[in-house]
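Reader: I'm new to this structure and would like to learn how to read it. Could you walk me through a few features?

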Amino acid sequence: MTRYEPRIDTASIRALDMHTHVEADHHGHFSLDQELMDASAAYFRGDHPRTPTVDDLAAYYRERDMAAVIFTVDASTGLDHPPLSSEEIAERATEHADVLIPFGSVDPRKGEAAVKQARRLVEDYGVRGFKFHPGLQAFSPAAPEHSPLWATLQELDVVALFHTGQTGIGAGLPGGRGIRLRHSDPLLLDDVAADFPDLQIVMAHPAVPWVDVQISIATHKANVHIDLSGWSPKYFPPQLVKQLNGPLRHKVLFGSDFPLITPDRWFADLDKLEIKDEVRPLLFRDNALRLLGL
């Protein structure tokens, strides 16, 4: 086993995408079952391949002179679906350390087993953060039983990235396939940020319908950031655009949510907004490099 160490030429990349999904492994296993995969594809209306592997992501971002954070979501309890292996993702990322940064994922509902796996993923495999999707994983980030996991991530000095707001996974299905949006209310992360002030937290996506709450938390908590993935910039709420141009300029991060949204589309739509010239390098690259210690 080779432990991941980044080899990214930070001076040459034009952007760092903080939010991309590994959707298939090299054994043909997918991260979601077919019903959820089809529903999310219909929601995002994409016409590009929906199930990239680690190698696919490396080729895609290398071609664009970008780096990317990659991950899966371990929702084995919440969805009763076997996850992709975060260990395998990290190992394969070592072959593409010039362009990829692996995050791990653990199922918080597995308690001490999740804590042990998180420690192993950092210490043995070199992952730089963790992705959580409270809706898919069916847990509340503020619940006391998950505090040992957040304490461990704080100790290990890695990033915790949480899905916030509405999700396209399960959208349009009866009962949304049982996925509860309330678990992705960013206000739940205010408790985590307050209790673990040295844990760097990223709220993923404009957190519709809680964007004002999200802005408030990012303004109030020094250890909380926002990635702007999952929505075309043309749909960004105006108050969020105002904040990223001003008070939150050092706390916003480019993310696409690829393969659900391509970075090509994201940048093309961002060009239609009035984004200050001095904010663009912060948003596209510099804030993420600082957050990830690169």
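Author: Gladly! Helices (H or I, at least four residues) and strands (E, at least two) are DSSP runs, numbered from the N terminus. The model is predicted, so local features need pLDDT of at least 70 and side-chain atom pairs count only at pLDDT 80 or more, while totals for chains, interfaces and linings use all residues. Residues are numbered from 1 along each chain as its sequence is written, and side-chain values use heavy atoms, leaving out hydrogens and water.

Reader: In what order do the strands of the open sheet lie?

Author: Strands of a sheet pair through backbone hydrogen bonds, either parallel or antiparallel. Pairing here requires at least two DSSP bridges between two strands. In this model 3 strands form an open sheet, ordered S1-S2-S3, with parallel pairing. S1 and S3 (100-102) stand at the edges with a single partner strand each, so one side of each has no neighbour in the sheet. S1 and S2 (residues 66-71) are joined by 5 bridges; one pairs Thr20 with Ile70 in S2.

Reader: Which helix lies across S1, S2 and S3?

Author: That is H2 (residues 54-63), running at about 160° to S2. Axes are lines fitted to C-alpha atoms, for helices over the stretch in contact (heavy atoms within 4.5 Å), and angles run from 0 to 180 degrees between N-to-C directions.

Reader: Is Ala24 buried or exposed?

Author: Buried means under 20% relative accessible area, exposed over 50%, partly exposed in between (1.4 Å probe, protein chains only). Ala24, at 6% relative accessibility, counts as buried. Ala24 sits in the loop between S1 (15-21) and helix H1 (34-44).
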